[in-house]
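Let's take a walk through this one together, a stop at a time. Have the viewer open and turn the model as you read.

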Amino acid sequence: MTSATAPAELDRAQARSREAGTGRSAATATSILVLPGVLWLAAFFLVPLGIMAVVSLGAVDPGGHVTLAHPGLHNYTHALDPEFLPALGRSIYYAITTTVLSLAIGYPVAYWISRYGGRRKILLLILVMLPFWTSYLIRTYAWMAILRDNGVINSLLLDVGLIDQPIPILNTDLSVILGMTYGFLPYAILPLFVSIDRLDFSLVQAARDLYASGRGAFLHVTLPLTMPGLVAAGLLTFIPALGDYVTPDVLGGAQTTTIANLIQVIFTTGRDWPYGSALGFLLMGVTIVGTLIALRSLRREVIGASA
Amino acid sequence: MTERNLPGMSFNEALEEKLTQANWSRREFLGRVAAFGAAAALTQLLVACGQGTASPSAAPTTQATPLGSTTAAATATPAPTPVPTPEKELFVYNWDQYIGEETVKKFQDKYGIKVTYDNFADEAAQIGKINSDKKGGGYDVHYPASTWVASFVTDGLIRPIDHSLIPNFKNLSAAWQNPAYDPGNAYSVPNYWWTTGYAWDPRDVPGSPTSWNELWNPARKGQMSMLDDIRECFAVGAFLLGFSPNTKDLGELDKILQKLEVQKPLLRKYTATAQIDDMIDEVVQMAHCWSGDWVQMTYTKPRMKYVIPSEGSIKGNDVMVISSGAPHPIAAHLWIDFNLDADISAENTNYIGYMGPNEAALPKIEDYIKGDKRLNPPQSVLDELIELEYLAPADLSNYTDRWNALRA
Amino acid sequence: MSGRPSRWLTALTIATYVILFAPIVVLIVFSFNSARRGFTWAGFTLDWYPKLFNNADMLGALRVTLEVAAIAVVGATILGSLLGLGLARLRFRGSGAAQTLLLLPIMTPEIIMGISLLVFFSQLFGLNGSIGQIAIAHIMFCISYVAITVRARAVSLDPRLEEAARDLGASAVGAFRHVTLPLLAPAVAAGAMLAFALSFDDLVVTSFNTGVGATTLPVQIYSAIRFGVTPQINAISTIIVAVVSIALLVAWRLGAFRTAARAVVADPEVA
């Protein structure tokens, strides 16, 4: 098959395959493929979540227990407090920055591994994951040892004479973003690799011949064809980053509070499950809406690349 | 109401009889009692109601049926005559390392009971576990803060303690026997107590600070930390403004919030776990912390100092309780008795740096702990310290809202 | 082959690996720190390693963590891969809802997910936590990661390959086994690796599902904060890294990666 006609034919074949997926055998296929996972999620995620949704309509009685005596949306109206906006804004800022950085770093690395890794591709991928098979806490403590005023970075810069005073990196926005990007990098690299690895590099070569510039080839061929990977990596980075409270807590400071941290406090020392649940559901609502909007606009811009 | 063959319950049986006579349902009764709000009366009556609401399911057949009397006997021997046969296992749920290094092993060697000693990371997990099945989450012994005892009793989460099985109870100093939150120690035995204050590094902080105001000093911007705990932070503000740390007054809470808002830009972080390492690693010069945290700091950096500020501070203690669903109640009693032993209690204190209420253990406690006025303040100082009382959810939510406004 | 990489691309890749391993190097170095806690160097000692081997709690927690991770990886990889492939391939009523369902666990704040499971298991089933309960929870939140990763690969699969196999006489299952699965293998492997990392390090959700004698390493480590993150924790992390590295080295020497890479590289479309 020639490179020029392959994409168009591929699209038609995929559309045909999807159309065919409506008959009897397709129904069986659907059941085998989709049902087990969906049922598991329904049983062990939706049902428990439903319980919390019910809890979010309740209140706490004087004894400290959740009571559904007067269910209502009072927790939601309570949670729609403008006081939360700075923390929410900060969370969104951290999540977006982390995602952009993770994709910006992850894409080239995934590309390198896929294109030039050769025999050692799998090994290189495992090496990406290896640091994350240790304890999160101790990794974060190690980061503190690196970033603090008397830590590795500052000591080095001071010794070399590049600075006179230590640069305050730890317990700032910067350390939070660095820590979060570090933590989410593998969740970006792996899905990106998976998608880039599918890329037919002869297509890229042909595009270079046509565009006579690496940038054009990248923008018009590589990027669109690896869009599914980018979307997956983006989702797996942005969404959890929005809910991450541990990293901002440990690497952050008094001024870097996130909405996830506040939700945490409401559940623990605040002892208010209904209120905490309501705030959590509001956060989820914001995330779902934002994600769906982003996905839909992405789909419109890059036709047919993401299913 | 369930029939339970428990010793020495004549007072409660009589009370229950009275309730039936007065034709009051338990709920009605609780409602009226809550209206009174008198602490002593409340806990007394809650204990009584706890008897009736205790869950009847999974009550083990090996009940505590002592042959001796229930009063703290005058006998000198630590082992009661004859002890009912303990079970082969014991499940304990406690903070990590909140016990002497050899304690578990010594208990296992002495009684031949296999101990499963599990830890949790924070109070939320602990309380969640105790509440999860309404009878202790499968564990025998828990170590909650004392402020939880009353509600645990109401909810039937813990069972009464058979004092005939814990003769070492007499080792406790009189001040700790019969506390307000649990009269007669019917349900709990005090474990360790602590104070709240702040630690500082004498290399950076000159002189001897004694006031909470030092944590508001702009010269120390970015070098201080406060506890990530709503009640503890608000307590500091309250002390500085002359209010009670248990205040429910909205006006006072607003003033405390203002005070804390002035402080926030000067702080490096709010944390309940990193203060020890931050001081050791010299990330901060001054840290709002608990007395035990300071002891841990000194193990690595002996120069660190601690103060209980003059405006007032908090004291607290935790307790040992037995789950109402405890699978091994006799072993649980033996565990408590073992930890009340003078030698073992001293070993625990010496290892973890927290003082206990155990008077008999005093001679064996290391001087650097018991001689230190900050870890072991004289009674006059202790009497000044205030305990954080349980706040009803409606009141607590006023704190929470202001905390969120502060932190966001 | 495919030409030589540009210098800055290689430099960036190397720099990324350096950054990925920087904290690991630090934690390994500090596993020999003679101070009881803190990352302030106080002197060299090997004591923490023998202490670790005597620490039944820590080792027990490691064993539980590995058991849970093994179950979770197998379960999540199977369920997630099938789900990802199905969502990419098939169009059925409710596929949109299924896709949203996939995203929901990732969006849920962990404390809500943890507490919801606590209530679910204890109130509805009277369960008090166990390895099985933790594993069920882990499979649940790992499915999304595996499914999304596999789907990203599956959407660009050419169904004509499978059609061709069917035309040549293969059964549906056969075509799946010999055509689709090998093409999906890298995505499945990537999903499995993600799932393992997620399960191994999970704290919040797990802490609400632990039970008597069923505590995982992250919970155990976090519970140690109050009294000291002693270098024992560095030691156990060092040992994990060492064991995995040695296993990788052995596998590499045995040529495991060469065969796997061939499956990835030998793409019928490129050939």
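At roughly what angle do the axes of helix α4 and helix α6 of chain C cross? The axes of α4 (residues 95-107) and α6 (residues 131-154) come within 9 Å and cross at roughly 125 degrees. Axes here are lines fitted to C-alpha atoms, for helices over the stretch in contact, and angles run from 0 to 180 degrees between N-to-C directions. α4(C) and α6(C) are therefore oblique to each other; angles under 35 degrees count as roughly parallel, over 145 as roughly antiparallel, 65 to 115 as roughly perpendicular and the rest as oblique.

Before going on, some housekeeping. This is a predicted model, where local features need pLDDT of at least 70, side-chain atom pairs count only at pLDDT 80 or more, and totals for chains, interfaces and linings use all residues. Residues are numbered from 1 along each chain as its sequence is written, while chains are lettered from A and ligands numbered from 1 in the order in which they are written. Helices (H or I, at least four residues) and strands (E, at least two) are DSSP runs, numbered from the N terminus.

Back to that helix pair. On the α4(C) side you'll find C:Leu102, C:Leu103, C:Pro105 and C:Ile106, and they meet C:Met140, C:Phe141, C:Ser144, C:Ala147 and C:Ile148 of α6(C). Contact means C-beta atoms, placed from the backbone, within 7 Å. The residues of this contact split into eight nonpolar, one polar and no charged. Nonpolar means Ala, Val, Leu, Ile, Met, Phe, Trp, Tyr, Cys and Pro; charged means Asp, Glu, Lys and Arg; the others, Gly among them, are polar.

Now hop over to chain B, with its 15 helices and 10 strands. Of its 408 residues, 49% are buried, that is, with 20 or more other C-beta atoms within 10 Å of their own C-beta, placed from the backbone. Look at α5(B): nine of its 10 residues are buried, so it is largely enclosed by the rest of the structure. Its buried residues, including B:Ile127 and B:Lys129, pack against elements of chains A, B and C, among them α13 (259-267) of chain A and α5 (110-125) of chain C. After α5(B) comes B:Lys134, with a positive phi near 70 degrees.

Finally, the chain contacts. Between chains A and C, 94 residues of chain A touch 90 of chain C. Helix α2 (residues 24-56) gives the most to the chain A side, with 18 residues.

Terms used
A residue is buried if 20 or more other C-beta atoms lie within 10 Å of its own, exposed if 12 or fewer, and partly exposed in between; C-beta atoms are placed from the backbone. Two residues are in contact if their C-beta atoms, placed from the backbone, lie within 7 Å.
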